[in-house]
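Subject: Structure for you to look at

Hello,

Here is the structure I said I would pass on. My notes on what was found in it follow below.

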Amino acid sequence: MDKSTKISSLNVGFVLFVATVIVIVALFWVGSGGGLFQQQADYHFMCPSTSRLKDGSRVYLSGVPVGKVDSIGFVEDLTQNSVRVRISINESVMRRIRADSSVSLQSDGLLGDVSVHITMGTSREKELAPGNEITYKPTSPIDDFVGAEFSGSANDVLRELVVVLK
């Protein structure tokens, strides 16, 4: 093999290696909810516990994946017993987050992962600007099993079951 063939082979190999690395990085970036060319808007919320929530967990807006958890940390004020969770969502959906939107933590599959779920605000409320706090609304364990739509009736059934058992 002559010298020019070796150099050509090395150049082709290097270009293929770089292209493979770029494709792998892009797949991880898009798969984590960041989007490849989408601008991100940051919000945060305060909650008492973030059990099983981790950096990179998915963020949903009315069931549609729109972002990810950026960071989880304690607040500086020791009088507050809250954890601050910072999330980033696609800028294209930020106009749907309103002053009456709320956020909750919900189980995400059978493995016990937790994701962030934001409710869409109503059009009569003002848009919530990036950087502001979204109100945290805790959910009951019954909501995880039967869904928020049926939790009222499930609570009624459980209440009646307790009365019958007594």
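Val 59 has Gly 67 in E3 as its bridge partner. This is a predicted model, in which local features need pLDDT of at least 70, side-chain atom pairs count only at pLDDT 80 or more, and totals for chains, interfaces and linings use all residues. Residues are numbered from 1 along each chain as its sequence is written, and side-chain values use heavy atoms, with hydrogens and water left out.

Strand E2 (residues 58–61) and strand E3 (residues 64–74) run antiparallel and are joined by 4 bridges. Two strands pair if DSSP finds at least two bridges between them. Helices (H or I, at least four residues) and strands (E, at least two) are DSSP runs, numbered from the N terminus. The hairpin of E2 and E3 has 2 residues between the strands, and Ser 62 there takes a positive phi near 50°.

Gly 67 also has a bridge partner in E4, namely Ile 89. E3 and strand E4 (residues 83–90) are antiparallel, with 7 bridges between them.

E1 runs antiparallel to E4, and 8 bridges join them. Along this pair, Gln 40 stands opposite Asn 90 in E4, and His 44 has Arg 86 in E4 as its bridge partner.

How much of E1 is buried? 6 of its 8 residues are, so E1 is largely enclosed by the rest of the structure. Buried means under 20% relative accessible area, exposed over 50%, and partly exposed in between (1.4 Å probe, protein chains only).

His 44 is found in strand E1 (residues 40–47) and counts as buried because its relative accessibility is 10%. The side chain of His 44 reaches the backbone oxygen of Gly 131 at 3.4 Å. Leaving out residues up to four places away in sequence, His 44 touches Arg 84, Val 85, Arg 86, Gly 131, Asn 132, Glu 133 and Ile 134; contact means heavy atoms within 4.5 Å.

Phe 14 lies in helix H1 (residues 3–31) and is exposed, because its relative accessible area is 55%. Phe 14, Val 15, Phe 17, Val 18, Val 21, Ile 22 and Val 25 make a nonpolar surface patch of about 670 Å².

Of its 166 residues, 28% count as buried. The accessible surface of the chain comes to about 11400 Å², with 60% of that belonging to carbon and sulfur atoms; areas come from the Shrake-Rupley method with a 1.4 Å probe, and for residues only the protein chains shown count as cover. Among contacts between residues at least 6 apart in sequence, 62% join residues at least 24 apart.

Regards

Definitions and conventions: Polar contact = N/O pair within 3.5 Å; in protein donor to acceptor, adjacent residues only side chain to side chain. Patch = residues over 30% accessible without salt bridge, like charges linked within 9 Å, V, L, I, M, F, W, Y side chains within 5 Å. Salt bridge = Lys/Arg side-chain N within 4 Å of Asp/Glu carboxyl O.
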